[in-house]
Structure formats: structure tokens, C-alpha cells
Amino acid sequence: MRLTEYVHLCLETRLKNGDSVLDATAGNGYDTLKAAELIQPNGNVVAIDIQKQAIEATEAKLTEAKLSHLCELHLGNHGERLSEIKQSFDCILFNLGYLPGSDKMIITIAKDTLSALNQSQRLLKENGALFVTAYRQHEGGQDEANSVETWMHEQHANGWDIEKIEPKHQSQILSPILWIASRSRLTLPPFLNR
Ligand SMILES: C[S@@+](CC[C@H](N)C(=O)[O-])C[C@H]1O[C@@H](n2cnc3c(N)ncnc32)[C@H](O)[C@@H]1O
């Protein structure tokens, strides 16, 4: 099972009609669309991406699914834009790295990721869940993953429940890592292939 599939499985078990979701890295819109499907017809999704191309791809997916009226899309840096958001969320998603099929130079960087994660503390509901997937094969990816790891340790020390999933590959390739964090006790579906 890929981590992206597992995140969607977790969303299926957690989200219901009326819930709210923040997608801090909209990308090609797969996660935003999944969230919109699960919270319809009364919930809402706020999605952010630093690339116009990503916002357009996400908008196109939502329009095709007739769900764009439930979603607010913001073009900008999540490290800065999250401070403008006032509502709180049941799930917050970070799928780090670069936009697949696009310029690999435009990637999430630790400084902005940490700033956005710090803002997420305020934006996450008491029983909400934060999902962060980090990729380590591109330049800077391992450093960013190390920063997220440290941030997660700090939250754990503050009483948060943290689950870390690092699939084992037979090859030497560094696998992506998923962290799931909550102030409340997490109940998660099993991840096969752990
Ligand atoms: C791996 S992709 C996200 C995939 C997406 N969740 C999906 O379902 O298709 C990472 C995205 O993060 C975006 N990104 C990079 N730095 C960012 C930043 N500082 N603020 C917001 N988005 C950023 C990139 O433009 C890219 O689209």
C-alpha cells in the first residue's frame, strides 16, 4: 500500500459530512478532491499551493466532480498564508516535495514547512488529525524530513499522540515517511506492509 493510499483510507475512516479539511499542499488536487468527496454536502475544504499550475489542476478536478463550491483555493506560501486563516479543521494535510510532472526545483522547504506546521497547532481541532508525508530522495528532502521528525518529537513531548509510518523497501531507496499527529488518542486503520 502506498502512503498516499493509506492517507486516503485514514480520511475515509475519520471524515464525515460537515467536516472541514485544510490541504496545505494542493498539488494535482488528489487529496483535496478526496477530502471534498468525504465532507460533502455541508463541509468545506481550504487548499493552498505556491504554484498557479497546481491551483488550476486542483480547480479542474473539483469542477469535474462538481465539488468546487465546497472548496476555497489559495495561491501562496503555506508558511505565510496559514496565519490568515481563522477557522479550525478536522484534518490537515501536508504532502511535501514537488508537484509530480512539473518543475522539481519548486519544492517544499523546511523553513516554510515548519512555519506552516506551527500554525497548524492553532488550526487543528482538539480531536483533529494532522497528516505529513515527507519524501527523501530529492535534494533537501532528507533535511526537511529531519525537521519534521524533530517537530513531531516536540509535539509528543507536549502530550500529542504521534504515529510514524516508514514503509520498508527491499531496495536501498529511502522510503517516504508519514506522520499522523493528534492531541487526542489516534485510532487508525492498519497499514499493511509496515
Ligand atoms: C507532492 S505535491 C502535493 C500533492 C497533492 N497533495 C496531490 O494530492 O496531488 C507538493 C506540492 O507542494 C507545493 N508547495 C511547495 N512549496 C510550497 C509552499 N511553501 N506553500 C504551499 N505549497 C507549496 C508544490 O507546488 C506542490 O504542488
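User: Before we start, what makes a residue count as buried, and what percentage of the 194 residues in the protein chain is buried?
Analyst: A residue is buried if 20 or more other C-beta atoms lie within 10 Å of its own. Keep in mind that this is a predicted model. With that cut-off applied to the 194 residues of the protein chain, the buried share is 42%.

User: What radius of gyration does the protein chain have, and what would a compact globule have?
Analyst: The C-alpha trace spans about 40 × 40 × 30 Å along its principal axes. For 194 residues, a compact globule would have a radius of gyration near 16 Å. The protein chain agrees with that, because its own value is 16 Å.

User: Which elements do the buried residues of α3 pack against?
Analyst: Let's build up to it: the buried residues of α3 are A54, I55, A57, T58, K61 and L62. Seen down the helix axis they fall within an arc of 165°, so they line one face of α3. On the other side, K52, T63 and E64 are exposed. The buried residues of α3 pack against α2, β2 and β3.

User: Where on α6 do its buried residues sit, and which elements do they pack against?
Analyst: The buried residues of α6 are G141, E144, A145, V148, W151 and M152. They cover an arc of only 120° around the axis, which puts them on the same side of α6. The face turned away from that side carries the exposed residues D143, T150, H153 and A157. The partners of the buried residues are α5, β5, β6 and β7.

User: Which residue with a positive phi follows α6?
Analyst: Helix α6 covers residues 141-157 and reaches 24 Å from its first C-alpha to its last. After the helix comes a residue with a phi near 100°, and that residue is G159.

User: How many residues of the shell around the ligand are nonpolar, polar and charged?
Analyst: In total, 22 residues surround the ligand, and T25, G27, N28, Y30 and L99 are the closest. The elements α2, β2 and α4 each supply at least two residues of this shell. Sorted by type, the shell divides into eight nonpolar, 11 polar and three charged.

Key
Residues numbered from 1 in each chain as written. Predicted model: local features only at pLDDT ≥ 70, side-chain atom pairs only at ≥ 80, totals over all residues. Near = placed C-beta within 6 Å. Helix = DSSP H or I, 4+ residues; strand = E, 2+ residues; numbered from the N terminus. Nonpolar A, V, L, I, M, F, W, Y, C, P; charged D, E, K, R; others polar. Expected span 1.5 Å × (residues − 1). Buried ≥ 20, exposed ≤ 12 C-beta atoms within 10 Å, placed from the backbone. Arc of directions from axis to C-beta. Contact = placed C-beta atoms within 7 Å. Rg over C-alpha atoms; globule rule 2.2 N^0.38 Å.
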